[in-house]
Every structure is written in C-alpha cells, then in structure tokens.
Amino acid sequence: MPFSRAVRAQAPALIKSLKPQYAPTVCKRWKSGPYGYTQAKALVYSKYGDPSEVLSLHTHSISPSLPPNQLLLRTLASPINPADINQIQGVYPSKPPFTSLLGTSVPSAVAGNEACFEVQSIGSSIKSVAKGDWVIMRSTGFGTWRTHALAEEKDILRVEKGGLTEIQAATVGVNPTTAWRMLVDFENLEGGRDWFIQNGANSGVGRAAIQLGREWGLKSINIIRDRKTPEETESMKKELLDLGATKVITESELQSRSTVSEIKEWTSGKNLKLGLNCVGGPVTLALVKTLSPGGHLVTYGAMSKQPLSLPTGLLIFKDLKFSGFWVSRWSDANSAEKEKTVESILQMTREGRFKDIPVQEMRWEWATEGERLVEAVGGGLEGFRSGKGVLVFGDT
Ligand SMILES: NC(=O)c1ccc[n+]([C@@H]2O[C@H](COP(=O)([O-])OP(=O)(O)OC[C@H]3O[C@@H](n4cnc5c(N)ncnc54)[C@H](OP(=O)(O)O)[C@@H]3O)[C@@H](O)[C@H]2O)c1
C-alpha cells in the first residue's frame, strides 16, 4: 500500500508506538541514508527468459558525491513496449551487457528502454540541464525500469516539460519517432494525393502514423485484427477513424476480393505507395498485394512471429521494394535529427494535435512489491490489450 509523504514523515514515531508484533508490517524506508545516499530500486535480470522467471526487484544505494560529468535522475514514467519483453527473452538484437555496477549478486542488466526522468542533481560540469528538468534517453538500451539512475550528459535529451504529461514525454522517443521516420524517409509521399497502408494500426506506432498522416494530408488504410465481437470491432474502427484514419478494415475483410477492389478504387490504383508492417505472416502478404506498382513495404515489427513469404512476381513485375526500419539504429546514427523529430512531436502534443495512446498505468511506489511489477510487465506481449502498460512512479 502506498504511503503519503506526511505518513512517511511520521513513520519512525509510528513504528515506535506500535506493538512489536505489528511493527514489521510497516514499510520502513530510508530514502536518503545517513550520508545522503539515495535508495533506489531496479527491475533486473541476469539471464534471458520469461519475465516472470528472470526479472527481480533489486534495491541499491547511490552515492551523493556525483562525478562532475554525471546526473542523478529520478524516473517519472516508463512504458512496457513489446521490444522490452523480447529483450528480456533474449530474442532482441540489442542486449544490454550484464554488469555488477548495481551490486547485484550476479552480473545483471536493468530492463526497459524508454522513460521520462526528472533531474535530481547534477555534477559540477553539467551545463545543458538543471535540477527539476525533464529528460528522456537519447538512445535505447539504457535500462529504464528503475526508480533512479546515474547518467551522463551524452545519454540524455532535455524535454521542455510545459504542457506535457510524464507519460507523453516517456513514450515519444520510440513509437511516434518510428512512425514519423517511416512516413518520411522511404517514399516521397505527397499530401492530398498519396496513401499508405499499415497493419497493427491500433498499436502505439500505428496510432502515431495515423495522426501524422492526417497532419500531412496523407490518406491511410488501417488494418486491425477482428475483435471478439462485431461491436468491439466497430468501436476500435471508430476510435481510429476519430484519430484521423481514412479507412479502417479488419484482417478478415482484407482477405475479401471486394475489399481489394475497393482499395484499388480509393487509391486510383497508383497512389498506395507505402506499406508499414509490424505483423508479418500471411496477413501481411494480403497487405503487400494491395500496394500500387513500385510501392514500398517497410517492416518494423513481427508481432505474429511468422515469416513473410512473397511470390517473386511482386518483385519482378510489380517492382515492389522491401525495407526494414529500426529506430535504435536510426537514433544512434541521427542524433540531431532524433532531437528535432522528438521536439516536433511533443510540440504537436502540446498543441493538442497529437493524442496519447490508451494506457494501463501500473503505479510503482516505494512499497510496491517486486511480484506486482513483474506481473505488470508480463502482460506486455499479450494481444487485445486495452492500452499500453506504463510504469508510473510515485514517491519513490
Ligand atoms: N523497428 C522499430 O524501430 C520499432 C519501433 C517501435 C515499435 N516496434 C515494433 O512495432 C510493434 C508494435 O509496437 P507498439 O509498441 O506500437 O505496440 P503496442 O502499442 O504494444 O501494440 C501491440 C500491437 O500488436 C498487435 N498484435 C499483438 N499480437 C499480434 C499478433 N499475433 N498478430 C497481429 N497483431 C498483433 C496488437 O493488436 P491487438 O490489439 O489486435 O492485439 C497491437 O496492435 C512491435 O512489434 C514493436 O516491437 C518496432
């Protein structure tokens, strides 16, 4: 159970007043140790596997004497993205090194890749940020499911926090950035004329692509999985249409000849130039077949875990192009551009032109038990979720 600041302040007196048999049930916490040490917690793993088996909550202390080039950060919010789970499973290409830096009994890595942090204190040579500022990580792989972290100036991007929530800042660097780059970097799409088609359209990336498309005058065909009931399917379609989708169809509708003919009509047979794929498998082949001659499929995820097989005629006679996109690689190679992309999306957010993804918040208070956090993480790859899991930090 979370305790308010006022209750915490009274905790020592309260503990003393309790009968001894009740005392252990009170959560004792020395947030700032006798020499100003910060008490911190992190979700760590020391081997790859199912999060429920390999993740554990580790408590450690952070020294108050910061090296000149370091900052102490307090985490405000951190999403649970599919890639975070894949990384813990050991099936993701980037694998943070296992180290003993946090004093774990065996070398471990901190899970999570994206977050919004508040700067708590800065080393003497830090100039670009001040105490109280918000920052996000410049690259993935830092390890964000923790209450506090030490970072260097080169690791972070300062975020102007006015008009934003912690969750908006915490979720800008991966999904919306991916959507933005995929719409801009692969084909020269013209607003008012061109179309794109995407699967996983209700995902974080999909929702971002819909909204950016709407802003830039691009028309979109959005594929979702059929929900359990027709009512739920209609409700999801409406949600995406309200965000700015031009058309929303289900995977099963995409299999029908009449829908394929309709798509040809909508796009004049030549203006469906870009496909975005985060699913793979046979349903993606149906998507590829709708692309106009010379069209381009950009693959950035594989939620179905199935390979994409293609008839060679699509390459020879239709001249389709196939590419992949990975925001981690792109961010590392395009640091200044990433900063601009993030700031542009955040500005749209402040102006109400870019809506939040639906989220399921998991509060992480100082007293929250490790099992509860691990359980929240475990749901991160489940389908048909009502929102993305986000760890929201209380008075940690
Ligand atoms: N390459 C990159 O740089 C990059 C960057 C960001 C994200 N990604 C990838 O993009 C994908 C989406 O990420 P996100 O964070 O936007 O997702 P998210 O918001 O967590 O949503 C997950 C999406 O995946 C769909 N899904 C789950 N299982 C599926 C299955 N078996 N078949 C078809 N669809 C399925 C869900 O649809 P339902 O609602 O129907 O379950 C939902 O649309 C992930 O694969 C992620 O790794 C890649």
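Predicted model: local features only at pLDDT ≥ 70, side-chain atom pairs only at ≥ 80, totals over all residues.
A backbone N or O atom of G204 sits 2.8 Å from a ligand oxygen atom.

Numbering runs from 1 along each chain as its sequence is written, and side-chain values use heavy atoms, leaving out hydrogens and water.

| Residue | Atom on the protein side | Distance to a ligand oxygen atom |
|---|---|---|
| N175 | polar side-chain atom | 2.9 Å |
| G204 | backbone N or O | 2.8 Å |
| F384 | backbone N or O | 2.5 Å |

On its own the ligand exposes 920 Å², and the protein buries 87% of that (Shrake-Rupley areas, 1.4 Å probe). Helices α6 (175-185) and α7 (204-215) are the elements giving two or more residues to the shell; helices here are DSSP runs of H or I with at least four residues, strands are E runs of at least two, and both are numbered from the N terminus.

In total, 25 residues surround the ligand, with N202, F325, V327, F384 and K388 the closest; a residue is in if one of its heavy atoms lies within 4 Å. The shell splits into 12 nonpolar, 10 polar and 3 charged residues.

Now over to F317, in the loop between α12 (313-316) and β14 (321-324). F317 counts as exposed because its relative accessibility is 72%, the cut-off for exposed being over 50%.

How values were computed:
Buried < 20%, exposed > 50% of the residue type's maximum accessible area, 1.4 Å probe, protein only. Polar contact = N/O pair within 3.5 Å; in protein donor to acceptor, adjacent residues only side chain to side chain. Nonpolar A, V, L, I, M, F, W, Y, C, P; charged D, E, K, R; others polar.
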